Amino acid sequence: MGRARQWQTLNRFLFEGDVNGPLRLGLVSGRRRTGKTQLLVAACEALGGLYIPCVQDEGDRAARSRFGAAIAEHAGLGASLLGAPESWEVLLHAALDTAARTAPPGTPALVVIDEFPYAMADAPQLPSLIQHLYDDSQNRRGPGGRLILCGSALSVMQNLLSSTKPLRGRAIMDIRLNALDYREAAQLWDIEDPEIALRVHACVGGIPGYHALMTNPAADIQDFDRWLVENLLDPDRSVFTRIEVDYLLREEPKITNRTIYYDILTAVANGANTPTKIGSTLGRDDNSIRYPLSVLESAGYVTRSQDLLRGRRPTITVSDPVIRFDRLITAPHLGQLELGRAEQVWLAAAPTFRSSILGPHFEELARDWTHRFAPDELGHPAGFGEVGYATIQDHAGRAKHEIDVLAKHADQITIIGEAKATLTRRGLPDLSRLDTIRTLLTRESHNTEQTILTLFSTTGFTPDLESTATQRPDVELIDLNRLYGHEDPGR
């Protein structure tokens, strides 16, 4: 589901060139539960490859013993016949040699080392050993085949190919497995109702691994509360967000004292979106949070984005919906949740969910739609340029306008959009506001001749706005059905 492009990339990596030629190196990374293991295990099963999992906090000797046992099992030998564990250099050679001997004719020898950063924790020399193995193979002095290194610690995996690191310039595949997009996630969960799909995605994002761990979402919106309470707010379930977030942070080896990281994530989730604001919230100066903030960013847990018009200090947001939900809903009420009062907690927290989670998340999906789906669905296959948010000052009116969705290509403004997850339908005043913003942008010398004004709404639009939109080719109304790609017979 949603991994066709990655599977094609993997297939090219495996079969392009001489399958019996020199060693080819590839990387696969992605946060926990994105489906990395399933993808690579499927490849190993299809090709008869050697799959070797590493274990966290195992220690070097135990890791080498496990590595050797996996090789022996793949070769059809009993692990009990093994003596003292071999060196990593010997084990790497043995893995590729064994994979070559057992590979079916015409199939490349494949070795996958899963959670490679776990092994590196006690054997930092591994990248250098693989470099020598790779270089020897290019000169026909070492084994060939395909070697894939996989890991959830994003900062470690990204660092493998950076700067002067041993493997830089040697890997020809670098797949970063991200979350499924919101439409793919709805298909995975088999959710037809876009309102339920939006709420589920606002809670757990597009991480496919959660699907197998949770009960099926409610068939109607009235039952959504029960689903959420039974899954995300139950301390006895593995997907209880407090447990899940703690595990996510432990995946990143640079995160040792987790308290400061929790504090930063909480501050950002609550709206502290610059280093200065975060420091002020925590009673710290900017310098003291710079390093942990950079770690969270490299791990993919926070994102920096810039105002497309002003280019000022970047805005920092929590990237992962599960972390955001935990910091805003679970963490403040942890004591009550551990007493089994999940229903009462959710009833009290529902307004926070709508204002601080559902609203901002809907804006994110509006930008995602503009970037990902609008080019095809609005007949603009080349795309609309850079997509983000912006602010513009109305000096004459002494007001500042926040633009939820802005797309621009060079000096041309291609889309101006507003996204609201409110209980009331959007009407003509909302369109008038976008007209005003376009006028302001024109005064600032931006090209707005081809600009499309786009209104996104979770609750639909008033009849007078819908009537106006049918008469204006520069206006698009995007309700939940259109957002999720469902047929809209009214258009």
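Here is a short walk through the aromatic rings of this predicted model.

Let's start with the overall tally: the model has nine aromatic pairs. A pair of rings is described by how far apart the centres lie and by the angle of the planes.

Take Tyr 182 and Tyr 484 as an opening example. Their ring centres are 5.0 Å apart and their planes meet at 85°; since an angle over 60 degrees counts as edge-to-face, that is the class this pair falls into.

Now move on to Trp 189 and Trp 227. Here the centres are 6.0 Å apart with the planes at 85°, so this pair is edge-to-face as well. Trp 189 lies in the loop between α8 and α9 (194-204) and Trp 227 in helix α10 (residues 224-231), so the contact ties together parts that are 38 residues apart in sequence. Trp 189 is buried at a relative accessible area of 5%, and Trp 227 is buried at 0%. These two tryptophans also belong to one aromatic cluster, together with Phe 224, Phe 325, Trp 346 and Phe 353.

Finally, have a look at two arginines placed over ring faces. Arg 32 lies over the face of Tyr 247, at 3.5 Å from the ring centre. Arg 183 lies over the face of Phe 373, at 3.8 Å from the ring centre.

Key. Residues numbered from 1 in each chain as written. Predicted model: local features only at pLDDT ≥ 70, side-chain atom pairs only at ≥ 80, totals over all residues. Heavy atoms only, no water. Phe/Tyr/Trp six-rings, centres within 6.5 Å; stacked < 30°, edge-to-face > 60°. Helix = DSSP H or I, 4+ residues; strand = E, 2+ residues; numbered from the N terminus. Buried < 20%, exposed > 50% of the residue type's maximum accessible area, 1.4 Å probe, protein only. Lys NZ or Arg CZ within 6 Å of the ring centre and 35° of its normal.
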